[in-house]
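Open the model in your viewer and keep the selection tool at hand. We will go stop by stop.

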Amino acid sequence: GAFIKNIDSAQLRYKLEYTQRKDLLPEFTQLSSASLSNNFNASTDFTQKNGNRFSGSVTYREFTVNKQTASALKPERTILARVEYDYAFNKRVFVANTFYQIGSGQELRRDFQFVEVLVGQGQYVWKDFNKDGTQQLNEFVLAGFADKPQANYIKVFLPSNSFISTHINQFNQTLNINPAAVWSNKKGVKKIISKFSNLSALKLDRKTQRLNTASFLNPFLLNVNDTSLISLNSLLRNTVFFNRSNPTFGADYTYQNQRSKLLLTTGFESRTRAEHGLNIRWNATNSWSILGNASTGNRFYASDFFSANNYNYTFFEVKPRISYQLNNQVRLTVLYGYFEGRNAKLLGNQLAKSNELGAELRLSLTKQGVINGKLSNYQITFDGEAQSQLG
């Protein structure tokens with residue numbers, strides 16, 4: 001290998017590198033060439049005077065195989081390119097990060113199986129739904145509250161013998177808006193606006209089989225045909241804060257939408273979660289404080305092979321809490337929780353309700369530690385199969 005680069009203290013840094021690897025394997029009584037790879041890499045890093053930083057790199061790899069010596073290997077050409085930019089503007093009212101990466105290569109198609117472990121050490125239980133005494137993959141379900149002590153199976157992903165040519169595309173974007181950076185000492189409308197702040201995050205991660213160049217480079221292409229898709233993960237999250245650093249009163253509203261789709265040897269497995277959430281805190285006095293949380297949304301699961309486990313339910317949840325600080329060592333909290341969820345009509349229209357009433361005690365022992373205790377009573381109703389994945 002060989003490389004050339006400039007000094008590390010430069011404002012603009014760069015590096016060019018070439019490496020070659022040659023592998024030999026025995027053929028009869030001598031070592032013969034089995035494979036050869038050539039790797040080219042270029043990278044740069046630029047720090048602006050205002051502290052903003054840009055970095056990027058491109059790596060190209062060409063892999064050739066001597067078919068007679070290494071028949072199990074396959075020749076391939078891969079590329080990996082990434083750029084990242086950390087930046088702020090308007091006196092750091094806006095702080096952001098942008099990350100983008102593309103790549104190509106091969107990966108093993110994934111399968112999974114359930115492996116038995118010690119009782120209570122697993123996450124899944126086996127339910128013989130068809131009463132045939134034989135374990136099928138769709139008969140393993142996540143352990144519920146009652147089954148957790150008996151859970152004795154874990155889910156293990158396994159490599160298969162088939163390879164998939166892949167295109168990888170990743171895009172991350174975060175943005176933090178904080179008007180208080182310049183308006184915290186202002187009056188009137190600017191003072192009111194400075195009490196608000198916003199944090200946004202977008203993450204896209206896609207693996208596909210070979211696409212055309214335009215589709216390959218587009219990170220926002222999410223509606224990929226199933227014949228080309230390998231896996232897809234996306235997350236959109238936005239939180240609006242009010243009085244984020246105020247010790248007396250504050251609130252925040254969050255919206256998030258999370259999607260995933262994964263190709264297994266048994267077909268696709270898809271999950272979606274969309275949720276709205278509101279949190280409120282109020283320290284009424286030095287001793288009394290009130291916390292409130294409410295959320296509503298939808299959760300969806302679909303499997304090509306295990307269609308009996310599919311669900312699509314909407315839910316509503318509220319959790320108020322009242323705390324009393326007796327002194328520096330003792331705090332008592334009374335809490336209540338209510339949850340209601342209903343599955344889609346086409347999937348069974350099941351209804352679940354849950355009520356929780358409880359209390360918490362926190363005891364702080366100076367220089368010794370902290371003791372937390374909680375006691376809750378739950379009342380749960382569900383008109384479906386409690387041991388199903390939905391239940």
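This tour of a predicted model visits a cavity, a hairpin and some aromatic rings.

Stop 1: Select Phe114, Phe140, Lys155, Tyr301 and Gln389. Of the 14 residues lining the largest cavity, these are the closest to its centre. The space inside is about 140 Å³. Now colour β6 (94-116), β8 (140-142) and β13 (267-282): each gives at least two residues to the lining. The lining has eight nonpolar, three polar and three charged residues.

**Stop 2: the hairpin.** Select residues 351-365, strand β17, and residues 369-382, strand β18. They run antiparallel, joined by 14 bridges. Find asparagine 355; glutamine 379 in β18 stands opposite. Three residues separate the two strands of this hairpin, and lysine 367 in the turn has a positive phi of about 60 degrees.

**Stop 3: aromatic pairs.** The count is 16 aromatic pairs. Show phenylalanine 196 and phenylalanine 242. Their ring centres are 5.0 Å apart and their planes meet at 50 degrees, so the pair is tilted. Phenylalanine 196 is in β10 and phenylalanine 242 in β11, 46 residues apart.

Next, show phenylalanine 315 and phenylalanine 339. Here the centres are 6.0 Å apart and the planes at 20 degrees, so this pair is stacked. Which of the two is buried, and which is partly exposed? Phenylalanine 315 is buried, at 3% relative accessible area. Phenylalanine 339 is partly exposed, at 21%.

**Stop 4: lysines over rings.** Select lysine 15. It lies over the face of phenylalanine 3, 4.9 Å from the ring centre. Finish at lysine 261, which lies over the face of phenylalanine 268 at 5.0 Å from the ring centre.

Methods
Residues are numbered from 1 along each chain as its sequence is written. This is a predicted model: local features need pLDDT of at least 70, side-chain atom pairs count only at pLDDT 80 or more; totals for chains, interfaces and linings use all residues. Side-chain values use heavy atoms; hydrogens and water are left out. On a 1 Å grid over the protein atoms alone, a cavity is a set of points where a 1.4 Å probe fits but cannot get out, and a pocket is an open set with protein on both sides within 12 Å along at least five of seven lines; lining residues have an atom within 4 Å of a point. Grid points are joined across faces, edges and corners, and a volume is the space filled by probe spheres set on the points. Helices (H or I, at least four residues) and strands (E, at least two) are DSSP runs, numbered from the N terminus. Ala, Val, Leu, Ile, Met, Phe, Trp, Tyr, Cys and Pro count as nonpolar, Asp, Glu, Lys and Arg as charged, and the others, Gly among them, as polar. Two strands pair if DSSP finds at least two bridges between them. Rings of Phe, Tyr and Trp (its six-membered ring) pair if their centres lie within 6.5 Å; planes under 30 degrees apart count as stacked, over 60 as edge-to-face and the rest as tilted. Buried means under 20% relative accessible area, exposed over 50%, partly exposed in between (1.4 Å probe, protein chains only). A charge sits over a ring if NZ of Lys or CZ of Arg is within 6 Å of the ring centre and within 35 degrees of the ring normal.
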